[in-house]
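Colleague: I have just opened this one and would like a walk through it. Could you take me around slowly?
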Amino acid sequence: MGAFGLDPLVLGGLGIALLFVLLALGTHIGFALIIASAIGLAVVTGFKPMTDMVINSFYHKISNPTLITLPLFILMGHLASGGGISRDIYESLSLWLGKFRSGLGIATVLACAAFGTVCGASVVASAVFSKISAPQMRRQGYDKSLAYAIASASGAIGMLIPPSILAIVYGTLSGVSIGKVLMAGIAPGILVTIAFSLTIVLMSKIKPSYIKRGSTEYSATWAQRIKSLKSWWTVTIVALSIFGGMYGGVFSPSEAASVAALLISLIYLIRMFNGDKNKRKQDFRELIRCLNETAITSALIFFIFGSATVFSQFIVLTGLTITISELVIGANLSPIVLVIVFTVIFVVLGMFLDGISILCITIPVFNPIISAAGIDAIWYATIVILSVEVGLITPPVGLNLFAAKGVAEPDVSLEDIVRGIWPFVIAMLACVVILFAFPGIGTFLPRLVN
């Protein structure tokens, strides 16, 4: 029995309840986790042991050398968006596909997938392409709800294809190989890219009023199209350094992140010094902003990591995970049914919380159960990340939708974006089903990594 005569299991349940109450009140996830777990630990172990556990948990988690990948990948995303890489890719794809009726929409999807190789944050990608491509699509006859829904949904692809911040967070919190989780996202990312492209084509057939015409503005010559491919050299170099390095066993994930971040930084500096004086000043201010944003974002995520570790220790100490595992195993649920139940939970949570928060809350509770059930850890990781991304484009609080609305044109409401997002939600759910039916899609590449 714990202090105040409370059973540790009851304390565990009360701790989780307190966590959700704090989140509902708008408390930052890091503070919510540390408050709930610190109070629980103090009740179970006493104040002094609790403070020791908090300090040790923060130190050992944050001092983990593998976490260097996180700020490096975040820096890559900021420099890529600030350096015009996303716009260059989109304009190149528009020259190749824009003259077709569904071409600009597919160009946005493909550009988001390509941008995902240098930016692992779906919310950032959604905001970037809502500014770049959605207004272009509207000018070429796309309904505003569809244009912004395409940009909002396509941003989710960036969280699947390495470098994925969510994959790094999952690997760090669960103990699963970060390199393998990153590699596992490639094929599902391609699958979602294909599904979204087909959805746009299907929408143009079912609702012709949504895409009224092809674009004469993008009727380019072959010479112009081939010339536009030079804008892909940045993405190509970075992708080769990350995928080729990890796949070939040349780099660890940390080393791949270091090389890729160095390359992006050098490319940014070269572009900056090649511009005129005013452009250099503007680019320098943008560089400082990128560095500041990287530091702030990384510090917040590290704080969440430390808080999540303390929360995990609290949950383990109460015996809640063991009890839940025994109950689930005793219910004789098949592994596939178990993962389906968890998938539904992830999708629902994704409607209200960001991906990192979801992983911090669920990994301490769910992963021991998954391990006890003998479920493939890498396949489960791909299901988790894809399911969370479904939630991020699903109302009422899908974060990608708000990111798109935040940069949308004045006549575009959140309701407009929600109206157009449902076909893409269905497409992503179909991809989840495909991953259930064919687990090898998410596991064959990681198995080839040394």
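**Salt bridges and buried places**

Modeller: K279 and D283 form a salt bridge, with their closest N and O atoms 2.9 Å apart; the term stands for a side-chain nitrogen of Lys or Arg within 4 Å of a carboxyl oxygen of Asp or Glu. Please keep in mind that this is a predicted model, in which local features need pLDDT of at least 70 and side-chain atom pairs count only at pLDDT 80 or more, while totals for chains, interfaces and linings use all residues. Residues are numbered from 1 along each chain as its sequence is written, and side-chain values use heavy atoms, with hydrogens and water left out.

Colleague: How are K279 and D283 placed in helix 16?

Modeller: They are 4 residues apart in that helix, so about one helical turn separates them. Helices here are DSSP runs of H or I with at least four residues, numbered from the N terminus. In general, an α-helix has 3.6 residues a turn, so residues three or four places apart point the same way.

Colleague: And is D283 buried or exposed?

Modeller: D283 counts as buried, because its relative accessibility is 8%, whereas K279 is partly exposed at 37%. Buried means under 20% relative accessible area, exposed means over 50%, and partly exposed is in between, using a 1.4 Å probe and protein chains only.

Colleague: How many salt bridges does a search of the whole structure find?

Modeller: The search finds 9 of them. One of these joins the side chains of R271 and D88, at 3.2 Å from N to O. That pair links distant parts of the chain, since R271 is in helix 15 (residues 253-274) and D88 is in helix 5 (residues 85-97), 183 residues apart. R271 is partly exposed at 28% relative accessibility, and D88 is partly exposed too, at 23%.

Colleague: What about D416 and R419, where do they lie?

Modeller: Both lie in helix 22, 3 residues apart, which is about one turn of the helix, and their side chains meet in a salt bridge of 3.3 Å, N to O. D416 is buried, with a relative accessible area of 11%, while R419 is partly exposed at 42%.

Colleague: Changing topic, which residues of helix 9 are buried?

Modeller: Helix 9 (residues 144-154) is mostly covered, with 10 of its 11 residues buried, among them L146, Y148 and I150. The cover over those buried residues includes helix 6, helix 7, helix 8 (134-139), helix 12, helix 21 (399-407) and helix 22 (414-437).

Colleague: Where is T117, and what is it in contact with?

Modeller: T117 sits in the loop between helix 6 (103-115) and helix 7 (122-132), and it is buried, with a relative accessible area of 7%. Leaving aside neighbours within four places in sequence, its contacts, meaning heavy atoms within 4.5 Å, include M76, I161, P162 and F243. The C-alpha atoms of T117 and S164 are separated by 8.5 Å, although these residues are 47 apart along the chain.

Colleague: And S204, which residues does it touch?

Modeller: Not counting residues up to four places away in sequence, S204 touches R101, S102 and I211. S204 lies in helix 12 (residues 186-206) and is buried, with a relative accessible area of 4%.

Key: Helix = DSSP H or I, 4+ residues; strand = E, 2+ residues; numbered from the N terminus.
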